[in-house]
Amino acid sequence: MYQKFNSISRQRRLIYLSLTLLFLMLAVFARGGATTSDQYSNSPLTCDPGQWNNSVYYSDDPDGCPDMVEFYLLPSFVDEENSELVNRLITAPSGMYGWADRNSGLTDRSFTVDLDSVDTVRVLNSPGNATIGVNSRSKMSTKNSLFYYPFDFYNGEITFQATDFQTKSAIPSTVTVGEQSLSGWILNFSQTGEPDSESKNKIIYAGGLAKISWELKRANVIFIAIILLIFLMIIALVSGFTITRSISYGNRPPSMNLLLWLATILFAIIQVRGNFPGNPPLGILIDYIIVFPVLSLLLLLGIANTFFWLVRADWDIENEKPI
Amino acid sequence: MIINSKLLFKWKISIALGLLFFIITPIIISALIRPTTDPLLSTKSLNSDYKFEISISKINIKDNSATITITPRLEGNYGEPTKNGSLTFKDVELLVDSYQGSGKFSAQVGQVIGRQEFKVLLQGNSWRYPFDNYVTGIGLLDSKFENQPLSLKEVKEYLPGFRANSTTIPNYREDLYPSNSNKDEQIISDLNKGIAQIEWRVMRLPGDIYAAILLAILMLISAGASLSATRAVWSGKRPPSINALAWLAAFLFAMFQIRASLPGTPPSGTLFDLVIFYPILIVLLAEIAAVVYLWIKRDDWDLKNVPKV
């Protein structure tokens, strides 16, 4: 039996402590996706008895709701390939324009909805029909973009407008954001403006265009995953380097098994790169500063080991100390 | 080492029973846990000629949407059922609270009308995979109401990886119904007026949950096996070797393949990753680093097990 390390118990304690700290870090900082919105955007339009009676937006709706259109935004997904944030836009009319439902609304008076999307959309909602929902595809800004993955962040603005089909006048509108989180993303919506006194924290866009801004960045869990995967690559490189150094000094013989191990590691690194959350395309900053250098150095280490294996006399020599 | 034959027999029996339990459990669970249907959409559905079949036919998690299909099954004065739909004897118009499309199910007298699909919103996310669940729903309104109750029957379609439990919900506020009326009476009152609201709670199939748990156990067992091998090397019972390193690297490689094989291919960064996948990667990494260190430092590197003469 070979001599054990004297400091095993101390090192074991260190390992347990490190693992505990790591799990605590994961538990505290790791968060999946989250969607947040400001106080003006997170609650829907309310129609409490008498709430709108003195409002200019109220006519004589029996439900006590104002003549208005509520735009309800529900985050859907991030199309990273096309650099677009996709939200669902549901039109919920109230008052003389109709009433809201779960997935749409029912129209009592014709109105059109214009949406400032990548594929600019105009939708006509006719009386007696459910309102038509639209996919809002917002281009994510090109500044600080995917190249800086996972520290990329994006912002943008979504603009909508509802117009009375008969009078061609703008319909007062308001915007609400639904509680739908996107896996791996932190999305924040905000509106600028002052809410009307009777609207209970809702900003009313009387003049036509309703606007809402958004900011998008990756969730903490993505940072942790990336740090871990990068750490994995670096450990692989350091291990390969240390082993090759030991062989080059003549402390260990060059061996075919080692070449196989280096080849496995090389394949594993390519797998690790393919498992970056969100599948970012090749050519991002991390590729230039971590992935490509690690792959190149591992390849060089493989070449060096092949060279040692070919030129040295102790190739595949075995350690034959008797037990 | 001689193993007592009685003990061996007990072990064999235990392993056989364990394997049997392991194989039978998912079959039993899948047989017992079935998607449920609201009684008002199955056994207690209203007796009316104005019938429709409704089903949830697709779940798209990435897109946060679901597809609901409505098939007319008109009878009597309203029409005649065909193989895939109905021949209508009256104008039919059902307003459907769908997210996209016309939002209307309509047909004119003498028209053969088949099933139609409507896209609805799906709320929820995959953070708690494989125990993630979602909610979706739809509202129906008969705009040509002719005092004939709306009869709805839910047909369960196969949803790959998911099961959906339906519930009917009252359309109006509590105070708009007669006092002391229970939920069923409120919904029947809605159906008698040609209105319906249905909600589905969508969950993963027990088989998929079982498969995800099984893969998680496989990952944990792999980590456990590699941990005990590294421990033996660390404590000097076994020599550090390049073969051990290759084995650890192959395990690392396998972990990514197992992660990619999870049913439903959940996105990266779920709770499953945080609790199982990432910690196992960390453990394997630490083990690779430890074995490399020992291979360089110790004299028994790549030592063969030569029997004493």
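How far apart do the C-alpha centres of domain 1 of chain A and domain 2 of chain A lie? They lie 49 Å apart. The two domains span 32-218 for domain 1 and 222-311 for domain 2, with bounds that come from an automatic or database domain assignment.

Before going further, a word on what you are looking at. This is a predicted model, in which local features need pLDDT of at least 70, side-chain atom pairs count only at pLDDT 80 or more, and totals for chains, interfaces and linings use all residues. Residues are numbered from 1 along each chain as its sequence is written, while chains are lettered from A and ligands numbered from 1 in the order in which they are written.

The two domains of chain A do touch: eight residues of domain 1 and nine residues of domain 2 take part in the contact. Here, residues are in contact if their C-beta atoms, placed from the backbone, lie within 7 Å. On the domain 1 side, five of these residues are nonpolar, one is polar and two are charged. In this scheme Ala, Val, Leu, Ile, Met, Phe, Trp, Tyr, Cys and Pro count as nonpolar, Asp, Glu, Lys and Arg as charged, and the others, Gly among them, as polar.

Now let's follow some strands. Strands (E, at least two residues) and helices (H or I, at least four) are DSSP runs, numbered from the N terminus, and two strands pair if DSSP finds at least two bridges between them. Strand β9(A), residues 153-164, runs antiparallel to β6(A), residues 111-115, through five bridges; D114(A) has Q161(A) of β9(A) as its bridge partner. Eight bridges join β9(A) to β12(A), residues 210-218, also antiparallel, and there F160(A) stands opposite A210(A).

Next come two helices. The axes of α3(A) and α4(A), residues 285-311, come within 10 Å and cross at roughly 170°. Axes are lines fitted to C-alpha atoms, for helices over the stretch in contact, and angles run from 0 to 180 degrees between N-to-C directions. Because angles over 145 degrees count as roughly antiparallel, α3(A) is roughly antiparallel to α4(A). Among the residues making this contact are L262(A) and L266(A) of α3(A), and L298(A) and W309(A) of α4(A). By class, the contact has 15 nonpolar, three polar and one charged residues.

Finally, turn to the partner chain. Chain A gives 60 residues to the contact and chain B gives 56 residues. On the chain A side, the elements that give two or more residues are α1, β2, β3, α2 and α3, and α2(A) provides the largest share, 11 residues.

Methods: Angles under 35 degrees count as roughly parallel, over 145 as roughly antiparallel, 65 to 115 as roughly perpendicular and the rest as oblique.
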